[in-house]
Amino acid sequence: MEAGEAARAPEPAPLGQFAQKDIWVFDLDNTLYPADSDLWPKIDARITLFLAHLFGLDGMSSRALQKYYYERYGTTLRGLMQEHAISAEAYLDFTHDIDRSGLVPNHSLASAITALPGRKLILTNGSRDHAIRTAKALGLDAMFEDIFDIVAADFMPKPEAATYERFFEKHDVDPTRSVMFEDLARNLIVPHARGMTTALVVPKAGQMDHREAFEITSEVAPPHIDFVISDLEAFLVEIVAALNGDE
């Protein structure tokens, strides 16, 4: 799907609301790297292959089962753990064993994140190892205080409310002082309800969109999304400028 089909905010929200924010929370996949990167398709293909090996399925049947688990449980891993008691460690090691050479360091994004006042954290449904290696390939590994991964979430993925509560408690995060950047609208419902400012990161015009059809928000963004952005780096620069009184 093309990016033009993604959500758009009905009108821009004022950047002044960032004045009281000092905790910046970022999703990893399809958020910290461009939507048209080949990274997520590689992971997606590894998940399909894992199921094919596990159940002796052909590729089409494996992929159908994978998407069923993903839509029902939030992650394929959660579905496999619930219905088949598979080893999470084996799954995560296999599915994240990918070539990251297609990623290039994004020094401009690194500078923009660094300029944000306060703490920066990653909140991902992937593994910690995957987040570290991916952030390092992007040149972003030094920007973040810590990573809250699917293991820290006790394998309960976003958008489950318990995951966010566990995250808030573990990292002493006050949601009302926090901003969350995420590529899936459903993963911003709980954060917004708990007082976080929310930003949905969507593909730029013309970029491929690797999200599932059910994950792509309609033309007008729902009320739990404060900002819809297609250029994370530029948006962060705007925030810093506003905080510095330069807008």
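**Aromatic contacts in the predicted model**

Phe18, Trp24, Phe26, Phe144, Phe181, Phe227 and Phe235 come together as one aromatic cluster. The model is a predicted one, with pLDDT of at least 70 needed for local features, pLDDT 80 or more for side-chain atom pairs, and all residues used for totals for chains, interfaces and linings. Side-chain values use heavy atoms, without hydrogens and water, and numbering starts from 1 along each chain as its sequence is written.

Across the whole structure, the search turns up 13 aromatic pairs. Rings of Phe, Tyr and Trp (its six-membered ring) pair if their centres lie within 6.5 Å, and the planes make them stacked (under 30 degrees apart), edge-to-face (over 60) or tilted (the rest). Phe50 and Tyr91 are edge-to-face because their planes sit at 80°, with the ring centres 5.2 Å apart. This pair ties together distant parts of the chain, 41 residues apart: Phe50 belongs to helix α1 (residues 39-55) and Tyr91 to helix α4 (residues 88-95). Helices here are DSSP runs (H or I, at least four residues), numbered from the N terminus.

Phe50 has 13% relative accessibility, so it counts as buried, and Tyr91, at 5%, counts as buried too. The cut-off for buried is under 20% relative accessible area (1.4 Å probe, protein chains only). Phe167 and Phe168 make a tilted pair, 5.9 Å centre to centre with 55° between the planes; Phe167 and Phe168 are both buried.

Then there are the charges over rings (CZ of Arg or NZ of Lys within 6 Å of the ring centre and within 35 degrees of the ring normal). Arg46 sits over the face of Phe94, 3.8 Å from the ring centre, while Arg186 sits over the face of Tyr70 at 5.4 Å from the ring centre.

Terms used
Helix = DSSP H or I, 4+ residues; strand = E, 2+ residues; numbered from the N terminus. Buried < 20%, exposed > 50% of the residue type's maximum accessible area, 1.4 Å probe, protein only.
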